[in-house]
Number of protein chains: 2
Amino acid sequence: MECQDYGLNRTSEKDNLNLNPLQRGGLLPKESRKALFEFSDGYSVCDYCAGRLDKIAKPGIINFLDDLARFIGVDQARTVHGAREGKFAVMHAMCQSGETVVVDGNAHYTTHLAAERNQLNIVEVPNKDYPEYRINPYDYKEVLDIQLDKGTDISLVLLTHIDGDYGNLTDARAVGKIAHDYGIPLLLNCAYSMGRMPIDAKSLNADFVVGSGHKSMAASGPVGVLGLKDEYADQVLKKSKRHAVKEIEMLGCTSRGAPVVTLMASLPHVMQRVKKWDEEVTKTRDFVKKMEGLGGIKQIGVKPKEHDLVRFETPIFDEIANKHSRRGFFLYEELKNKNIVGIKRGQTKWFKCSTYGFSQEQVDYIVRSFADIVEKYQNY
Amino acid sequence: MECQDYGLNRTSEKDNLNLNPLQRGGLLPKESRKALFEFSDGYSVCDYCAGRLDKIAKPGIINFLDDLARFIGVDQARTVHGAREGKFAVMHAMCQSGETVVVDGNAHYTTHLAAERNQLNIVEVPNKDYPEYRINPYDYKEVLDIQLDKGTDISLVLLTHIDGDYGNLTDARAVGKIAHDYGIPLLLNCAYSMGRMPIDAKSLNADFVVGSGHKSMAASGPVGVLGLKDEYADQVLKKSKRHAVKEIEMLGCTSRGAPVVTLMASLPHVMQRVKKWDEEVTKTRDFVKKMEGLGGIKQIGVKPKEHDLVRFETPIFDEIANKHSRRGFFLYEELKNKNIVGIKRGQTKWFKCSTYGFSQEQVDYIVRSFADIVEKYQNY
């Protein structure tokens, strides 16, 4: 039999200005491209394994995990395949089927799936609706009070540090304090924060944190981070009865290949870039202000922005789409002509975007491009 | 804080002749190195995702999975993070906590961990001990009879197609027939077979197969294959109640990055190489014969070999080690001087090796190198 053509190139998404928030934090610095090439073959990191991936000294995974743990303020760190697999592992170890996890109303779908796969019930702390969709930390207290009064078995509280719909930052420290007042541990989903902004799990009152290498830590996917307090290590990193060194929730080993090496090679770069987080936030706020200044564009979510992921409502583009021969595709195509990609094809009512990692010149060019489109269709 | 030096190079293991069976089947052909470079950034395969990784058309994951399913004789194929994650997913979907899986006595430790993580009991079909460690398919019947008589709840039968200790091939078709006679499905672990030798799950009576991209399919890790019959798709690929398109056991999506692209790019290469499996077996048998001809070296496991993974008992090297100033390290060092790596440092009583993918000239050189070492220490 013959294989079909899989179209294995990514020129357009790599070589243009890509506004997709999912793609902004996962760009590899050159040292990580080099590492990827070096460790491209199969089980490349396992040459010197003595039974535990996290103890391998060549390449220095053991040293890396030590550095990483200090960087994010946890006692123990492991690599996992991604934030979702980290959440699944924590829930699997900490919760029994039929128990309940309390999660924010802006949680990522993978939080729901991790709970569903573990046969857990989900109770949500709702967001504050349009246009901010804010999560109020103190609503966790209200939800916990109601549920515990009802006798609900709550084994875990989860908060999405930065959500993927609105890019809202929620005060983890306050949520963690509330959870701890009830004796329940907090799992903080840092997929959109760890690697972009500084994270200190201890000061955030997080007992568990998960991060995403491919989303926010300048690594090839799939690779993520699970960090935890020593207090929970016996439970979450429990070892096999039969294979005494192997951790059950890790199925022995997790990141058996190239992505973990890119995460390692990128750590020094990531450590530096989180120091410039304030600049990224300032740049984002300026971007929002200029975009809103074009008219018919409105930032949704908490204002002012505290993260680079921005959601805009864009009635102005939707009105153009309604009259345009290319309908909703016109915006994608106009942007593409200006070497800008990452807004979904056909989408004009609203979109998510990010300028993370772009220079001010690039951001100015992006704003000017949107302005040109608005102007072109002014009397359309 | 500063990062430690992680030593991110792999020159020795890449540029020498590497005998480690774990590394022989995961070497990337050049088209996959190219794909890896193209898709190195973060969430690179997700540019055109509409909610399901396995349905992405650019790159052509949907077409690839279709080709792959035909190649291995299954109705449905998914990528997973590796064979172990595939086994865990099947057990998680098919078995309830407290139930029993019947597995071969040569099963990989990850089979035990997947069961343990699912809180399943394991009953083993023992191997036939030294020196063959053969698994007799008909012993599955005996074990099943005994267990079912006792009222044990057996929800899955698992066979390691080629085991990682002896490289023994077991007749899956016969085991599958027995399992089916009792109405129990068979999960076939093809980590060491799929991608090296032809696999047709249907003719092997396997309801589920798992494969390993990094071990045997010329792909970067971590990536694996899960294949199944339509009959079990509703259960194993069950969709989320809340997120209607997302498959629960996949946590929505699995291979979010570069490794899946290397698996795709390698498929044409892998399809070609399995056609030459007979040549690999012939080469291995010849290698074994010549190695045994050196004296004091004995192949363990079923004879003649039906797979490239070979385990040798090597009392001749152990005797030298006992007298050598470098003790057990002498063998590793002698081989390294001859540009041969992949035998564990310090190991001389026995070792596992493979000549998979080496040319006959390279194999001859390897044999000559062992002969030279034997000769050098003849009167030691």
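In chain A, the centres of domain 1 and domain 2, taken over C-alpha atoms, are separated by 31 Å. The bounds of these domains, which come from an automatic or database domain assignment, are 30-273 for domain 1 and 276-376 for domain 2. Where the two touch, domain 1 of chain A contributes 16 residues and domain 2 of chain A contributes 13 residues, two residues being in contact if their C-beta atoms, placed from the backbone, lie within 7 Å. The side of domain 1 that touches domain 2 in chain A has eight nonpolar, three polar and five charged residues; here Ala, Val, Leu, Ile, Met, Phe, Trp, Tyr, Cys and Pro count as nonpolar, Asp, Glu, Lys and Arg as charged, and the others, Gly among them, as polar.

This is a predicted model, in which local features need pLDDT of at least 70 and side-chain atom pairs count only at pLDDT 80 or more, while totals for chains, interfaces and linings use all residues. Residues are numbered from 1 along each chain as its sequence is written, and chains are lettered from A and ligands numbered from 1 in the order in which they are written. For chain A the average pLDDT, the predictor's confidence in each residue from 0 to 100, is 97, and 100% of the residues score at least 70. The model as a whole scores ipTM 0.97 and pTM 0.98.

The contact between the chains takes 74 residues from chain B and 74 residues from chain A. On the side of chain B that touches chain A, the elements giving two or more residues include α4 (61-72), α5 (83-94), α6 (109-117) and α11 (258-273) of chain B, where helices (H or I, at least four residues) and strands (E, at least two) are DSSP runs, numbered from the N terminus. Of these elements, α11(B) gives the most, with eight residues. By class, that side of chain B has 31 nonpolar, 23 polar and 20 charged residues.

Within chain A, the axes of helix α5 (residues 83-94) and helix α6 (residues 109-117) come within 9 Å and cross at roughly 35 degrees. Axes are lines fitted to C-alpha atoms, for helices over the stretch in contact, and angles run from 0 to 180 degrees between N-to-C directions. The crossing of α5(A) and α6(A) is right-handed, the near helix being turned clockwise from the far one by less than a right angle. Residues that meet here include Arg84(A) and Phe88(A) in α5(A), and Leu113(A) and Arg117(A) in α6(A).

Gly221(B) lies in the loop between α9 and β8 (224-228) of chain B, and it counts as buried because it has 29 C-beta neighbours inside 10 Å, the cut-offs being 20 or more other C-beta atoms within 10 Å for buried, 12 or fewer for exposed, and partly exposed in between. Beyond its neighbours within four places in sequence, the contacts of Gly221(B) include Tyr43(A) and Arg256(A) in chain A, and His214(B) and Pro259(B) in chain B.

Asn205(B), in the loop between β6 (186-189) and β7 (208-212) of chain B, has phi near 55 degrees, a positive value in a residue other than glycine, and is buried, with 20 other C-beta atoms within 10 Å. Finally, a cis peptide bond joins Tyr130(A) and Pro131(A), with omega about -5 degrees, and Pro131(A) is found in the loop between β4 (121-125) and α7 (137-149) of chain A.
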